[in-house]
Amino acid sequence: MNDKVSVIMPFYNGSIPLLQRALKSVEELHYKNKEIVLVDDGSDMGVSLVDVVSECNLTTPNTVIVHTQNRGIAAARNTAISNATGEWLMWLDCDDTLEVDCIGRLINEAVNALMVIGECYVHEGINTFLRKPAIFFSLAQDYGKTIFDPMMLNVFSLQPQIVRKS
């Protein structure tokens, strides 16, 4: 499958070096049919995300940068979705990175699915760890939820995940 994947990245007053690292991880993905949709949710850092992205020297053909007033992460993600042109959507926080084969592995699992959840590296301060969905599924069971409960998926923010835009 070679469907286009839109990588959705909301940003609000975050770390520019971490954002650049996240962008470069998308750039280095082996999966080529992708776009980056970066939404600046009203940052007031005095830094242009156009300049930040330009410094990364991205060759991803479709990199969209949208500026909005601050309305929160849900609104930023919805804005990104409305600007995305891919058949699949993938959320990536600006302080996380992806393995080079991440999208390919998720797409291969998505043949007859609406959503596929993988794993990602999370960076917190000087620590980096691999976040695996199985941990979150077992936590959700403690609360009597199922892995199919959309609220659980949002509460535990399982990333990376790809979701069919349709």
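Predicted model: local features only at pLDDT ≥ 70, side-chain atom pairs only at ≥ 80, totals over all residues.
Trainee: What makes both faces of strand S4 count as covered?

Mentor: Buried means under 20% relative accessible area, and Trp-88 and Met-90 on one side of S4, like Leu-89 and Trp-91 on the other, are all buried, so both faces of residues 88–91 are covered. In a regular strand, the side chains alternate between the two faces of the sheet.

Trainee: Why are S1 and S4 called paired strands?

Mentor: Pairing requires at least two bridges, and four bridges join S1 (residues 5–11) to S4, so the two are paired, and they run parallel. Within S4, Met-90 has Val-7 opposite.

Trainee: Which residues have the most contacts inside the largest nonpolar core?

Mentor: That core has 31 residues, and those with the most contacts inside it are Met-9, Leu-19, Leu-23, Met-90, Ile-103 and Ile-162. The largest share, five residues, comes from helix H1.

Trainee: What makes Val-5 and Met-90 contacts of Ile-103?

Mentor: Contact means heavy atoms within 4.5 Å, and, leaving aside neighbours within four places in sequence, Ile-103 is in contact with Val-5, Val-7, Leu-29, Tyr-31 and Met-90.

Methods:
Residues numbered from 1 in each chain as written. Heavy atoms only, no water. Buried < 20%, exposed > 50% of the residue type's maximum accessible area, 1.4 Å probe, protein only. Core = buried A, V, L, I, M, F, W, Y, C linked by side-chain atoms within 4.5 Å.
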